[in-house]
Amino acid sequence: MYNVTNINFKGGIAMLEKVQGIVKVTQDDRYVVFLFDNYEVNRKMLQDKYVKGQTAWYTDAKGTGEDGKEFYRIAEDGEWIEAEYVEFIPTEG
C-alpha cells in the first residue's frame, strides 16, 4: 500500500509514501489547524477534529493529492494534516 503511485483518468498523480517521524505544528499556540479525512482531492475538512499550534505528532505516512497538496497522517484512523502547517522531523527506525 505504501510507495504506490496512482494515476487517475485526468492525468493527475496521487502518491502515498511511508515516512517515520514527527510533525510539529508551526502555527502559534493560540491557533488550531483542522484535520482532513484523507489526502486525495475529494478530501473533507473534519469540522470537529483539529490540533493546537506548537504541538507535535507522530506520523507514518505522507500523501500527495492529485492537486499537489501534501498531507501527513497523524492518527491511526486516518486523520491528515496539511504539510504547509507543519515541520517534518524524521526519526530513526
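This is a predicted model: local features need pLDDT of at least 70, side-chain atom pairs count only at pLDDT 80 or more; totals for chains, interfaces and linings use all residues.
## Salt bridges in an all-strand chain

Residues are numbered from 1 along each chain as its sequence is written, and side-chain values use heavy atoms, with hydrogens and water left out.

So what does Lys-69 pair up with? Its side chain meets that of Glu-82 in a salt bridge, at 3.1 Å from N to O. This pair ties together distant parts of the chain: Lys-69 sits in the loop between E5 and E6, Glu-82 in strand E7 (residues 80–82), and the two are 13 residues apart. Glu-82 is buried, at 10% relative accessible area.

A salt bridge here is a side-chain nitrogen of Lys or Arg within 4 Å of a carboxyl oxygen of Asp or Glu. How many turn up in the whole structure? The search finds six, including these:

| Salt bridge | N to O distance |
|---|---|
| Lys-69 with Glu-82 | 3.1 Å |
| Arg-73 with Asp-60 | 3.0 Å |
| Asp-28 with Arg-30 | 3.0 Å |

Take Arg-73 and Asp-60, joined by a salt bridge. They also link distant parts of the chain, with Arg-73 in strand E6 (residues 70–73) and Asp-60 in strand E5 (residues 56–64), 13 residues apart. Is Arg-73 buried or exposed? Arg-73 is buried, with a relative accessible area of 17%, whereas Asp-60 is partly exposed at 25%.

Then there's Asp-28, bridged to Arg-30. Asp-28 has 32% relative accessibility and counts as partly exposed, while Arg-30 is exposed at 66%.

Now for the chain as a whole. The protein chain has eight strands and zero helices, where both are DSSP runs numbered from the N terminus: helices are H or I with at least four residues, strands E with at least two. From the N terminus on, the order is β-β-β-β-β-β-β-β. Of the 93 residues, 35% are buried. Among contacts (heavy atoms within 4.5 Å) between residues at least 6 apart in sequence, 58% join residues at least 24 apart. The accessible surface comes to about 6100 Å², with 51% belonging to carbon and sulfur atoms; areas come from the Shrake-Rupley method with a 1.4 Å probe, and for residues only the protein chains shown count as cover.

Conventions: Buried means under 20% relative accessible area, exposed over 50%, partly exposed in between (1.4 Å probe, protein chains only).
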